[in-house]
Amino acid sequence: METRGRLGIPSDGAIDPITLVESKGCLVWTPQDVPELDICHIRQLTISDPDSWDAVTIKEGNCTVIVINNTRPAARQSNTIMHEWAHLELKHKPSRVDQFENGLLLLSDYPKEFEDEADWLSGAMLAPREGLLSLRRRGMDDAQIAETFRISSQLATWRIRMTGIDRQFSRRY
């Protein structure tokens, strides 16, 4: 909630993952933004095999860049950006780091417990419990909550279930 407050975003409002990530000093690029990335690689990533990936995180010196698959739906991109940011925020060490000749580091393959932590933090940032509760009190269903937070309905339903919102409501009414 502190981060949302710093960015002036209420608990029941949508957060822009790119604004958040950039406020933390990271950049978000699409494959088309990657300098010197050959057009054949861009075609592979965006046309030939766009379903094979969601994002990669690259580090060079103090600069961290999340390269997002911009062929995915906007709600999925939001969750992916927040998930990658969560790994950075939680200082997760990847199981695998590939270093290229130019010094770029590609961070990948986190252990399952780190993936679960990143899922939890990214979901909490995108749809905080307090905001979910506020929207449910207004009578919104999962799809309307998803639309309000600009997340997928699957993520909204998961967050509502994991935070016990509906159980809390069923006890009161």
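These legends walk you through several close-up views of one predicted protein model.

Because the model is predicted, local features are described at pLDDT of at least 70 and side-chain atom pairs count only at pLDDT 80 or more, while totals for chains, interfaces and linings use all residues. Residues are numbered from 1 along each chain as its sequence is written, and side-chain values use heavy atoms, with hydrogens and water left out.

**Figure 1. The whole protein, from end to end.**
Welcome to the overview! The protein has nine helices and five strands. Here helices (H or I, at least four residues) and strands (E, at least two) are DSSP runs, numbered from the N terminus. Starting at that terminus, the order of elements is α-α-β-α-β-β-α-β-β-α-α-α-α-α. The C-alpha trace spans about 60 × 30 × 30 Å along its principal axes. Of the 173 residues, 42% are buried. A residue is called buried under 20% relative accessible area, exposed over 50%, and partly exposed in between (1.4 Å probe, protein chains only). The protein exposes about 9,900 Å², and carbon and sulfur atoms supply 50% of that area. Such areas come from the Shrake-Rupley method with a 1.4 Å probe; for residues, only the protein chains shown count as cover.

**Figure 2. Strand β3 and its two neighbours.**
Which strands pair with β3? Strand β1 (residues 27-29) pairs with β3 in the parallel sense over three bridges, whereas strand β2 (residues 55-60) runs antiparallel to β3 and is joined to it by six bridges. Two strands are said to pair if DSSP finds at least two bridges between them. Look for Ile66 in β3: Ile66 is the bridge partner of Val28 and also of Thr57. Five of the six residues of β3 (residues 63-68) are buried, so the strand is largely enclosed by the rest of the structure. In a regular strand, side chains alternate between the two faces of the sheet.

Is Pro73 buried or exposed? Pro73 counts as exposed, at 55% relative accessibility.

**Figure 3. Thr80 in helix α4.**
Thr80 belongs to helix α4 and is buried, with a relative accessible area of 11%. What does Thr80 touch? Leaving aside residues up to four places away in sequence, Thr80 touches Asp54, Ala55 and Ile68. A contact means heavy atoms within 4.5 Å.

Helix α6 covers residues 129-137, and its buried residues include Leu132, Leu133 and Leu135. After the helix comes Gly139, with a positive phi near 85°. Arg136 is buried too, at a relative accessible area of 14%. Arg136 forms a salt bridge with Asp166, with the closest N and O atoms 2.8 Å apart. This pair links distant parts of the chain, Arg136 in helix α6 and Asp166 in helix α9 (residues 165-172), 30 residues apart. Asp166 is partly exposed, at 37% relative accessibility. A salt bridge here is a side-chain nitrogen of Lys or Arg within 4 Å of a carboxyl oxygen of Asp or Glu.

How many salt bridges does the structure hold? The structure holds eight. In one of them, the side chains of Arg138 and Asp12 meet at 2.1 Å, N to O. Arg138 lies in the loop between α6 and α7 (142-149) and Asp12 in the loop between α1 (2-6) and α2 (17-23), so this pair ties together parts that are 126 residues apart in sequence. Another salt bridge brings together the side chains of Lys24 and Glu89 (3.9 Å, N to O). Because Lys24 lies in the loop between α2 and β1 and Glu89 in helix α4, the pair ties together parts 65 residues apart in sequence. Lys24 is partly exposed, at a relative accessible area of 33%, and Glu89 is partly exposed at 36%.
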